[in-house]
Amino acid sequence: MSLLLKLNQVVTRHAELQAALSAGTLDGQKFVAASKEYADLGPLVEAVNEWHKAERELKDAEAMAADPDMKAMAEEEAEELRKRLPELERTVKRMLLPKDAADEKNAILEIRAGTGGDEAALFAADLFRMYQRYAAEKGWKFEVMELSDTGIGGYREAIATVTGRNVFARLKFESGVHRVQRVPATETQGRIHTSAATVAVLPEAEDVDIKIDEKDLRIDVFRASGPGGQSVNTTDSAVRITHIPTGVVVSQQDEKSQHKNRAKAMKILRARLYDAERQRLDDLRAADRKGQVGSGDRSERIRTYNFPQSRVTDHRINLTLYNLAEVLDGRGLDAIIDALTADDEASRLAELAA
């Protein structure tokens, strides 16, 4: 379907909704649904009208330029309009792109050490702190849900909830394998080692997003182990929830309260099930799509952090920056995320025009 045909359909639909709402023939849920759709289409219709108005004004200016007395002024106006039109067209196309329903959601961030032993766990901790600092830069709330530390500053696994405006939209391209190249502190001969950690960013799901039947759950309680103080270890406060249909297992033991651990585990379980369903639907919709940005494939190596060269490379868009310290400090992460978002938008715009 051509772009103009799609836009004509949007404008026509907007007019139909306006007429139906004005006629007062809709009631109840139909009125609510029509009002929402009308409001959602409004900004796009305004952008389309502005674009078409600029096109008409350009034709008028070009026609006026044939008059010797108006030529200079008309050509100046026409030149300004020619510069403005491409941006108006891009704005319309961007607004026409389907929105990711999860973009405005909060996120659950899961980081796990991969290949590389203690060094991989130390790198996982570095990544966790990077996102924690990035959240602080954005004014987001960063709540640690679970930490499994190695005792020497590394994390085998770390889970956090990130709450704020457009959290998932900004973090969703971070899912995948992150690789580090550096000389470990324990390396006596100065050799560079390569280690990896896996990042998963899941949109936080509400009850309305994913329904979980209690009969599909097996809930086990047990005594918490590891750091946390004696009071943690003297009661059966830890909770393990298994979602029987999918085999997904979530454990929580950070809280002294069994009730709180269960609530945290259910939040993570709901997010994992919601994310799995999103992935399944994405795969169905884009089985033949070649783009890697946004694929969310956590087996895919997406980024390398090279300490000797202070280099960060995102392999999906061939972006290389030499500001490793700023990226790990959170301040330099926006440049990568902005580039990934722009690349994803460009690929979707290309599909729209096809």
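Student: Which residues form one aromatic cluster?

Tutor: Good place to start, and keep in mind that this is a predicted model. Two members, phenylalanine 128 and phenylalanine 142, pair edge-to-face with 5.2 Å between their centres and 70° between their planes. Together with a tyrosine, they make up the cluster: Phe128, Phe142 and Tyr155.

Student: Is tryptophan 140 buried or exposed?

Tutor: Let's look at its partner too: tyrosine 134 and tryptophan 140 form an edge-to-face pair, 5.6 Å centre to centre with 80° between the planes. Tyrosine 134 has a relative accessible area of 1% and is buried. Buried means under 20%. Tryptophan 140 has 10% relative accessibility, so it counts as buried.

Student: Which helix supplies the largest share of the lining of the second largest pocket?

Tutor: This pocket has a volume of about 550 Å³. Of its 19 lining residues, those closest to the centre are Lys99, Asp100, Asp103, Ala169 and Lys172. Helices H3 (71-96), H5 (167-171) and H9 (333-353) each supply at least two lining residues. The largest share, four residues, comes from H9.

Student: How many residues of that lining are charged?

Tutor: Let's sort the lining of the second largest pocket by type. Six residues are nonpolar and two are polar. The charged residues number 11.

Technical notes
Residues are numbered from 1 along each chain as its sequence is written. This is a predicted model: local features need pLDDT of at least 70, side-chain atom pairs count only at pLDDT 80 or more; totals for chains, interfaces and linings use all residues. Side-chain values use heavy atoms; hydrogens and water are left out. On a 1 Å grid over the protein atoms alone, a cavity is a set of points where a 1.4 Å probe fits but cannot get out, and a pocket is an open set with protein on both sides within 12 Å along at least five of seven lines; lining residues have an atom within 4 Å of a point. Grid points are joined across faces, edges and corners, and a volume is the space filled by probe spheres set on the points. Ala, Val, Leu, Ile, Met, Phe, Trp, Tyr, Cys and Pro count as nonpolar, Asp, Glu, Lys and Arg as charged, and the others, Gly among them, as polar. Rings of Phe, Tyr and Trp (its six-membered ring) pair if their centres lie within 6.5 Å; planes under 30 degrees apart count as stacked, over 60 as edge-to-face and the rest as tilted. Buried means under 20% relative accessible area, exposed over 50%, partly exposed in between (1.4 Å probe, protein chains only).
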